[in-house]
Amino acid sequence: MNKPNLTVIEGGMSSSSKNKNRFFVSSYVTDTRLMGVLTVYIHWKLSDPLSDADLHQFFYIDCEEAGLETYRSITGDTAGELDEAEQALIGGLGAKKIEISLYQAKGILSHYKRFNEANGIPLPAKYSEYSSLIEPETLFTHEEYREIMALICGDIVSDYQAVNYFLMRCFGRDYEGAAWLAEGDFPLDLYDSYDRATFCKNVIDKDRTFDDGSVSYLCESLIERNDKYETVISKVTVKNLKVTGFQRCSGFPVSSAEAAMMLAKAEFVTVYEVLLSDEDMDNNIGELTVNLNTVMSNHENGRLFMAFKKNNDHVNSRVFRLSNDVKGIYFLTDYGQLILAAYSLSDIRFLENRLKASPLAPFLMVTAKYEFKEPVLFEFIQSDFEDFDDFLEYIRSDD
């Protein structure tokens, strides 16, 4: 799962807003704890003799490393601003929004405030706007904590899902998350000597079934840490969808080229010519963000719009790839091209159909379609080329 590139409008909340009467309306949390991130949202009504407005507060939490990382607020009920903020913060999480009480929201925020303090991480800016939510701290009882963890972690439905999430949490040094998936007395920190690592790929094979119904699995994991790759072999035992055993077997470094081969998959690309001026395209950029459910990031030769899947079902697979949460990619070049890319025919057709149904359709003309054995779009984005066709001509001649 990719961390969103946050380009959220700050909103117009004045420093005095915290002194107005606030009336709680609703709140939610995402069910993405096992992916290592959460977003908490709280909606208030603000009221004083001169105004009556809505206050929307968003908190982005990195459960592995940065803790309570980002705070954004929007005052008013401008749907466009609210949709943009929500898309930027949860659009890439594959999340369900779980309704929670104000008490539960305060407890989650207090929990990660303590995480920040324990790790020497400063809290987000504009502390005065949200300080009342964590002062005094809300401390969950054991039963309340387990109730919240059940909500934000979601249901485990298969051994594959349990194993993938468990290893992901362990390599991320998120032992709280790993412990939720485990049952029994065994160490979780077998890879604690590693720096925090990204869980790029995992292949699971059944090892043996025991008399008590538990099953052990051999796992070949490709991880990335400090810009270097390693393949790590582990044995994970599961019973009743809980991890009951964990062994470190072996590991060895792999080159970037070898890692690229391990992660390679087909890429389908459709290229359009944009028949709008730059100014008109900028005025309609919302069609590629909010309406097409993408998260935008800026690059030297254009803007990238990443469309993510609506859930994290890719974790429930014998072969896990971190990138399989991506539905597809729209890349709008500064040269006047719109390039679509996806990793399956069904997904590229889905992206094309979404464009056909959008107001941009009359201003787009298909110029080429390609199928590549391995991804090339990100190579183009990182290149010095402005035109995708020129880039393809160059790599063909280089071969």
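What volume does the largest pocket have, and which residues line this pocket nearest its centre?

Modeller: Bearing in mind that this is a predicted model, the largest pocket has a volume of about 870 Å³. Its lining is made up of 28 residues, and those that lie nearest the centre are Tyr229, Leu263, Ser323, Tyr343 and Phe378. Two or more lining residues are given by each of β6 (198–209), α7 (256–263), β14 (326–333) and α10 (377–381), and among these elements α7 provides the largest share, with 6 residues. Sorted by class, the lining of the largest pocket holds 17 nonpolar residues, together with 5 polar and 6 charged ones.

Ile108, His111, Tyr112, Phe140, Tyr145, Ile148, Met149, Ile152 and Glu176 form the lining of the largest cavity, to which α2 (102–118) and α4 (142–153) each contribute at least two residues, the largest share being the 4 residues that come from α4. By class, the lining of this cavity divides into 7 nonpolar residues, 1 polar residue and 1 charged residue.

Met365 belongs to strand β16, which spans residues 364–372, and Met365 counts as partly exposed because its relative accessibility is 40%, a value between the 20% and 50% cut-offs.

Technical notes: Residues numbered from 1 in each chain as written. Predicted model: local features only at pLDDT ≥ 70, side-chain atom pairs only at ≥ 80, totals over all residues. Heavy atoms only, no water. Buried < 20%, exposed > 50% of the residue type's maximum accessible area, 1.4 Å probe, protein only. 1 Å grid on protein atoms, 1.4 Å probe; cavity = no way out; pocket = protein on both sides within 12 Å on 5 of 7 lines; lining within 4 Å. Nonpolar A, V, L, I, M, F, W, Y, C, P; charged D, E, K, R; others polar. Points joined across faces, edges and corners; volume = space filled by probe spheres on them.
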